[in-house]
Amino acid sequence: MEVDPRAPGIKAADATIRSALESDLEKINDLYNEYVRDTHVTFDLEPVAMAQRREWFSDHGSSDGRYRLLVAVVGTELIGYVSSSRFRPKPGYDTSVETSIYLAPEATGIGIGTGLYQALFESLGGQDLHRAYAGIALPNPASIALHERFGFKRVAMFTEQGRKFGRYWDVAWYEKALNLEAV
């Protein structure tokens, strides 16, 4: 019996977390584009086209390396994803990644984000990585709580860094040490 993730009572234990497949891209893109249209948490102003999403996936489609993409699914429904991506394009930044996490509204506050982040950081163990960064458009108390739960510390606050919906938004930048034993 498949569990409908929109049904009341969904639990984190109902979710399977795995590496993303190319067949997940449409659902990933649909989820992300809901955030583009309805929230300030991403500063994309227009929905991302599938061609752009496929190009993005080409950096994340492997289950090894620094740039990972994991999804949470319940039955056949994708309810969230987490990624680690290039932080900046210059080679000196290669030991740093930027993390992002997006959840379907019905998957927030029940442990899905915790499961995704735990799986991501476990999968990055052993990689030549030193720091993870996350930019959080404010206000976003749930995202701040999730990042702090995983040891991220706020290291910067940029005021009015992005404009969306006719107003400016502050962005807090968070940092997490990774693989300290490899230093």
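Pro 91 is exposed, with a relative accessible area of 64% (exposed means over 50%, buried under 20% and partly exposed in between, with a 1.4 Å probe and protein chains only). The model is a predicted one, in which local features need pLDDT of at least 70 and side-chain atom pairs count only at pLDDT 80 or more, while totals for chains, interfaces and linings use all residues. Residues are numbered from 1 along each chain as its sequence is written, and side-chain values use heavy atoms, with hydrogens and water left out.

Pro 91 lies in the loop between strand 3 and strand 4 (helices, H or I with at least four residues, and strands, E with at least two, are DSSP runs numbered from the N terminus). Its C-alpha is 15 Å from that of Tyr 67, a residue 24 positions away in sequence.

Strand 3 runs antiparallel to strand 2 (residues 69-74), and six bridges join the two (strands pair if DSSP finds at least two bridges between them). Here Val 73 stands opposite Leu 78. Two residues separate the strands of this hairpin, where Gly 75 takes a positive phi near 65 degrees. Strand 3 also pairs with strand 4 (residues 96-103), again in the antiparallel sense, over seven bridges. In that pairing, Ser 84 faces Thr 99 of strand 4.

Charged side chains come next. The structure holds four salt bridges (a side-chain nitrogen of Lys or Arg within 4 Å of a carboxyl oxygen of Asp or Glu). One of them joins Arg 18 to Asp 24, with the closest N and O atoms 2.7 Å apart. Arg 18 is partly exposed at 27%, whereas Asp 24 is buried at 7% relative accessibility. Another links Asp 94 with Arg 86 at 3.1 Å, N to O; Arg 86 is partly exposed, at 41%. A further bridge brings Arg 131 and Glu 175 together at 3.8 Å, N to O. That pair connects distant parts of the chain, 44 residues apart, with Arg 131 in strand 5 (residues 131-137) and Glu 175 in strand 7 (residues 167-177).

On the surface, Glu 26, Asp 30, Glu 34 and Asp 38 gather in a patch of negative charge (patch residues have over 30% relative accessible area and no salt bridge, like charges being joined within 9 Å and nonpolar side chains, namely Val, Leu, Ile, Met, Phe, Trp and Tyr, within 5 Å). Asp 30 belongs to helix 1, residues 25-38, and is partly exposed at 42%.

Conventions. Accessible areas come from the Shrake-Rupley method with a 1.4 Å probe; for residues, only the protein chains shown count as cover. Lys and Arg count as positive and Asp and Glu as negative; His and the chain ends are not counted. The place of a charge is taken as NZ of Lys, CZ of Arg, CG of Asp or CD of Glu.
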